[in-house]
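Let me put the sequence and the structure up on the screen, and then we can walk through them together.

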Amino acid sequence: MGSRLGVRVLDVVIWFAGYFVTGVLPLSLLSDNGGGDVAGAVLLSWFVATYLLYFAFCVAEFGSTLGKCICGVRVVHRDSGRNIGFRRALVREISWPVFSLIPVLGLLNSLWSWDQPYQQCLHDKLPDTIVVER
C-alpha cells in the first residue's frame, strides 16, 4: 500500500509540475493584463485536460504514467493482463479524486488494497484493473 501511495504522490508531483509550467506561468501574464476571468476559465480547462492526458491517456495507451514507469509498475485489466483502454482508464482516474473528496470513502479507497488476492483499491475495482510490477 505504501509503494502505491508513493507512486501516486510522484505522479501528482510530475503532473502538477507540467500543469504549472505549461498553464499557470503563461496565463499569469494574461491575468496581470486584466484577463483574470478568462485566465481562470482557461486554467480550469487546462487543469482538467492535463489531468486526463497525463493519467487516463497514459494509462490507457502505455499501461503506466511516468511515475509508474519510474517505479516499475503498470495498470492492466485483471482478467487479460493487457492495457485497459481509454474508457476503463477514465473511470479509474476520475474515481480516485472523487473518492478522495468524500472523507470516509477516500480512506476506504486507500485501505481497500488489503483485499486479497488482487489488492485492488476501490478505484481499481470499478474498471476491473490491477497494478502489477513490470
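So, what do we have here? The protein chain contains six helices and two strands. Keep in mind as we go that this is a predicted model. If you trace the protein chain along its sequence, the order of elements is α-α-α-β-α-α-α-β.

The C-alpha trace spans about 55 × 30 × 25 Å along its principal axes. The protein chain has 134 residues, and 34% of them count as buried. How much of the contact count comes from residues 24 or more positions apart? Taking the contacts with a separation of 6 or more, such residues account for 64%.

Which residues make it? They are Phe16, Phe20, Val21, Leu25, Leu44, Phe47 and Val48, and the patch covers about 620 Å². Two elements, α1 and α2 (36-62), each give two or more residues to the nonpolar patch. The biggest giver is α1, with four residues.

Let's pick one member of that patch. Phenylalanine 16 sits in helix α1. Is phenylalanine 16 buried, exposed or partly exposed? Its relative accessible area is 40%, so phenylalanine 16 is partly exposed.

Staying with helix α1, which covers residues 2-32, we also find arginine 8 there. Arginine 8 has a relative accessible area of 8%, and a residue under 20% counts as buried, so arginine 8 is buried. Which residues does arginine 8 contact, once we leave aside its neighbours within four places in sequence? The list is Tyr51, Phe55, Arg92, Glu93, Trp96 and His123.

That histidine comes up again with another residue. Isoleucine 94 lies in helix α4, residues 85-101. Isoleucine 94 and histidine 123 are 29 residues apart along the chain, and 8.5 Å separates their C-alpha atoms. With a relative accessibility of 38%, isoleucine 94 counts as partly exposed.

Where is glutamine 119? Glutamine 119 is in the loop between α5 (103-111) and α6 (122-125). Its phi is positive, about 55°, although glutamine 119 is not a glycine. The relative accessible area of glutamine 119 is 43%, which makes this residue partly exposed.

The other one is aspartate 128, found in the loop between α6 and β2 (129-133). Aspartate 128 also is a residue other than glycine with a positive phi, here near 60°. Is aspartate 128 buried or exposed? With a relative accessible area of 18%, aspartate 128 falls under the 20% cut-off, so aspartate 128 is buried.

Methods. Residues numbered from 1 in each chain as written. Predicted model: local features only at pLDDT ≥ 70, side-chain atom pairs only at ≥ 80, totals over all residues. Heavy atoms only, no water. Buried < 20%, exposed > 50% of the residue type's maximum accessible area, 1.4 Å probe, protein only. Contact = heavy atoms within 4.5 Å. Patch = residues over 30% accessible without salt bridge, like charges linked within 9 Å, V, L, I, M, F, W, Y side chains within 5 Å. Areas by Shrake-Rupley, 256 points an atom, 1.4 Å probe, with all protein chains shown as cover. Salt bridge = Lys/Arg side-chain N within 4 Å of Asp/Glu carboxyl O.
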